[in-house]
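Please review the following briefing, which concerns a pocket and a neighbouring topic, sheet architecture.

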Amino acid sequence: MKKQDMNRDWIATAETLSSALPYLQRYDDAIVVVKLGGHAMGSDEAMESFARDIVLLRQVGVNPVIVHGGGPMINAMLEKLEIKSNFVNGKRVTDAATMNVVEMVLSGVVNKRIVHALNRQGGRAVGLSGKDANLITCDVPNPALGFVGHPAQMDPTVLRDLFEKDMIPVIAPIGVGQNGETLNINGDTAAGAIAQSLEADRLLLLTDVAGVKNAAGDVMTELKASDVEAMTQDGIIAGGMIPKTETALEAVRGGVRACTIVDGRVQNAVLLELFTDHGAGSMIRA
């Protein structure tokens with residue numbers, strides 16, 4: 001590379017850092033909950049890039065919380081152990097045997113992979129599940145689905161304690177029921193409940209789509225709650241996007257400043273969303 005080209009690259013880097021200053025100031029000491037799923041979990045390279053971004057957030061004064069899924073890993077383990085699943089209206093029934101596998105995979109393999117990736121990048125990450133320190137206590141809204149819970153009571157004290165020690169919480173979406181039983185929680189739902197309990201500044205739902213699209217197929221970079229409701233009623237928001245927008249609506253109405261459905265396939269998507277005008281998805285506000 002010519003010296004002139006190198007100088008140009010250094011100048012561009014310095015300009016990028018300088019332009020980020022207002023955003024760095026804006027998010028100083030802010031709480032940002034990130035639901036990790038999809039592409040960002042798919043390869044070691046993507047995980048390394050994600051981990052580097054999260055450690056950078058912590059380094060510049062943001063308090064990140066990671067909530068993760070792990071559906072493909074659970075499916076692979078169930079198949080390996082020859083545990084067959086039953087379904088009710090397209091939703092998996094989580095029986096006792098399945099619940100054991102879910103907890104083993106989410107709280108064990110997946111959680112520790114993320115913790116390890118963050119620590120390799122210089123962070124101080126600690127793995128938890130919703131069972132730890134009574135973080136998430138659940139109701140069972142549909143007993144026909146077995147050990148599947150929905151957050152009913154939240155105690156984020158342990159997360160605030162970790163913030164004070166400059167640690168990054170990594171949370172598996174496993175909760176405890178009113179009778180002490182272990183329950184599986186939808187990852188987006190768990191992330192939304194945690195964000196509300198912390199009155200987080202932002203909730204980022206990483207996914208494998210560009211964002212919420214209008215009838216013409218264009219990504220909507222910013223929406224109000226009323227926009228989401230109208231688009232859902234008109235069938236424009238449909239399929240797998242409905243649960244994500246429902247989580248977003250519940251979060252912003254519960255005290256979260258904004259929720260963004262982020263295209264996790266984009267390099268440095270979290271940094272783009274927080275520290276630039278460009279963004280990397282669809283932001284939903286109350």
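This is a predicted model: local features need pLDDT of at least 70, side-chain atom pairs count only at pLDDT 80 or more; totals for chains, interfaces and linings use all residues.

A pocket is an open set of points on a 1 Å grid over the protein atoms alone, where a 1.4 Å probe fits, with protein on both sides within 12 Å along at least five of seven lines; lining residues have an atom within 4 Å of a point. Local features need pLDDT of at least 70 and side-chain atom pairs pLDDT 80 or more, while totals for linings use all residues. Residues are numbered from 1 along each chain, and side-chain values use heavy atoms, without hydrogens and water.

**Pocket**
- The volume is about 1500 Å³, taken as the space filled by probe spheres set on the points.
- H7 (187-198) provides the largest share of the lining, six residues; helices are DSSP runs (H or I) of at least four residues and strands (E) of at least two.
- Other elements supplying at least two lining residues include helix H5 (96-120) and strand E7 (150-154).
- The lining comprises 17 nonpolar, 23 polar and seven charged residues, with Asp, Glu, Lys and Arg counted as charged and Gly as polar.

**Sheet**
- Four strands form an open sheet in the order E7-E6-E9-E10 with mixed pairing, where a pair requires at least two DSSP bridges.
- E7 and E10 (182-184) are edge strands with a single partner each, so one side of each has no neighbour in the sheet.
- E9 (174-177) pairs with E10 in the antiparallel sense over three bridges, and Val-176 has Thr-182 in E10 as its bridge partner.
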